[in-house]
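My notes follow in the order I looked things up.

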Amino acid sequence: MANSALHAIAIEELRTSNPAFHQEYCLLVEGISNLIFRLAKKHGEYITYSTFTESYDRASKEPILQMVLGSHKNEFYLHIYISKNGGFIVGKNGVGSSAQTATHALSSIEQEIGNAGWL
């Protein structure tokens, strides 16, 4: 629960310190939610559960979004770090492709999902 609260605090600070990037964050959250919905609708027989959570990396002091798609045979997870410098890092454990906008981050997310065979 504490990591979720730290995430919320960091995002609230972002809202006042960098409103344009905060808007990109909001677009990204909406885009990921829509993506999960579309995937579940299209591949419901293969995706038996999904999660989309907010967390906080205490080491890097950055908020994170975590997306999980799963089935009884397989699980796919992906982290999206919200960088202190503005921008997103799409990957696992803080390593991955960098994106400056929600559109580019969503494109990277879809590519990761496709590479994992979930599309």
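I began at a glycine pair: Gly91 stands opposite Gly96 in β5. Strands count as paired if DSSP finds at least two bridges between them. Strands here are DSSP runs of E, at least two residues, and helices are runs of H or I, at least four residues, numbered from the N terminus. The hairpin of β4 and β5 has 2 residues between the strands, and Asn93 takes a positive phi near 55°.

A note on the source: this is a predicted model, where local features need pLDDT of at least 70, side-chain atom pairs count only at pLDDT 80 or more, and totals for chains, interfaces and linings use all residues. Residues are numbered from 1 along each chain as its sequence is written, and side-chain values use heavy atoms, without hydrogens and water.

Next, the sheet. I found 5 strands in an open sheet, ordered β1-β2-β3-β4-β5, with antiparallel pairing. β1 (49-57) and β5 stand at the edges with a single partner strand each, so one side of each has no neighbour in the sheet. Neighbouring strands are turned by 20° against each other on average, direction ignored. β1 and β2 (residues 62-70) run antiparallel, joined by 9 bridges. In this pair Ser55 stands opposite Ile64 in β2.

Then I checked what lies across the sheet. α2 lies across β1, β2, β3 (75-82) and β4, at about 10° to β2. α3 lies across β2, β3, β4 and β5, at about 10° to β4. Axes are lines fitted to C-alpha atoms, for helices over the stretch in contact; angles run from 0 to 180 degrees between N-to-C directions.

How do α2 and α3 (residues 102-115) cross? Their axes come within 9 Å and cross at roughly 30°. That makes α2 roughly parallel to α3 (angles under 35 degrees count as roughly parallel, over 145 as roughly antiparallel, 65 to 115 as roughly perpendicular, the rest as oblique). Residues in contact (heavy atoms within 4.5 Å) include Leu28, Ile32 and Leu35 in α2 and Leu106 and Ile109 in α3. By class, this contact has 10 nonpolar, 2 polar and 3 charged residues.

Last, I turned to α1 (residues 2-17) and α2 (residues 19-42), whose axes come within 6 Å and cross at roughly 135°. They are therefore oblique to each other. Among the residues that meet are His7, Ile11 and Leu14 in α1 and Phe21 and Tyr25 in α2.

Key
Nonpolar A, V, L, I, M, F, W, Y, C, P; charged D, E, K, R; others polar.
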